[in-house]
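Visitor: Please show me how to read a few features of a protein model.
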Amino acid sequence: MTRTITPVTTPPEQTDPQDVRPGNETKQWWEEDGLPWNHEPTRADIACLTWFGVVGIFSLILIPTRAWLLGVAPDILAMITGGRTAVAASGALAGTGEMPHWPWVLGVASLLSLKFDWIYWWAGKLWGRGMIEIWAGRSERAARNYGRAERLAERLGPVGFLLAYMPIPLPLMQVVFVLSGAAGMSLKRFLLYDYIASTLWLVLFFALGWRLGEPAVDVLDAYARIAGYVAIGLIVVIVAGSLWRGRKQ
């Protein structure tokens, strides 16, 4: 008679919940370096970060577009971007009588110059200094520049909006906008300060272009003849750069 031997199995060891230590927990994806938040992202977090992606794509598309429109239609460029160079070019044309609709150009440009600024305010409201830390982490030089800009913005307060538009080698504008949201400034107040500062600078550049007048128009006319080639060249550079970075990665 054959006896059947039943193997004895050892029950799996139970893990005591108290033995789990925070240091042994798996790092979540939203805790990785290079992200502006320090919590599980909400819809607002994802939406704000997506808007930064929209700004990047818009800026990329605008590189060749700006080069072309500056030569053939600076008034359209000024109204699309609110850029100071385009506004100055529009002022030069207005000073020679070639742009009778300049009040509309200046008015629309002053409004659309704010089109993406609220995103930086929103980032500050959501993440505090999170975006500044990401920008500063790109290199030691970037860290120094953002550190200087942050200290300057904290000392200036609302006056920082005026200096944010100055052509200085510091990322003061982004820092002022982010810190405004981080400090709890309301969106209405932020847009008011931003609009006043932007409009004052645009009026200054428009007046400068008006004063230059004919010489500036001659330069624009000369540039208009090669604007299309410049735009095509920039497109080639952008595409080639993207392909090169893709192969390198």
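This is a predicted model: local features need pLDDT of at least 70, side-chain atom pairs count only at pLDDT 80 or more; totals for chains, interfaces and linings use all residues.

Guide: Residues are numbered from 1 along each chain as its sequence is written, and side-chain values use heavy atoms, with hydrogens and water left out.

Visitor: How many helices and strands are there in the protein?

Guide: Helices (H or I, at least four residues) and strands (E, at least two) are DSSP runs, numbered from the N terminus. Here there are 12 helices and 0 strands.

Visitor: What percentage of the residues counts as buried?

Guide: Buried means under 20% relative accessible area, exposed over 50%, and partly exposed in between, with a 1.4 Å probe and protein chains only. In this protein 36% of the 249 residues are buried.

Visitor: What share of the contacts joins residues at least 24 apart in sequence?

Guide: A contact means heavy atoms within 4.5 Å. Among contacts between residues at least 6 apart in sequence, 70% join residues at least 24 apart.

Visitor: Which residues form the nonpolar patch on the surface?

Guide: Patches are made of residues with over 30% relative accessible area and no salt bridge; like charges are joined within 9 Å, and nonpolar side chains (Val, Leu, Ile, Met, Phe, Trp, Tyr) within 5 Å. A salt bridge is a side-chain nitrogen of Lys or Arg within 4 Å of a carboxyl oxygen of Asp or Glu. Accessible areas come from the Shrake-Rupley method with a 1.4 Å probe, and for residues only the protein chains shown count as cover. Here the patch consists of L111, V159, L162, L192, Y195, I196 and L200, with about 620 Å² of accessible area together. Helix α10 (residues 187-212) gives the largest share, 4 residues. L192 lies in α10 and is partly exposed, at a relative accessible area of 48%.

Visitor: Is N38 buried or exposed?

Guide: N38 is exposed, with a relative accessible area of 72%. N38 sits in the segment before α1. N38 and G130 are 92 residues apart in sequence and 8.5 Å apart in space, C-alpha to C-alpha.
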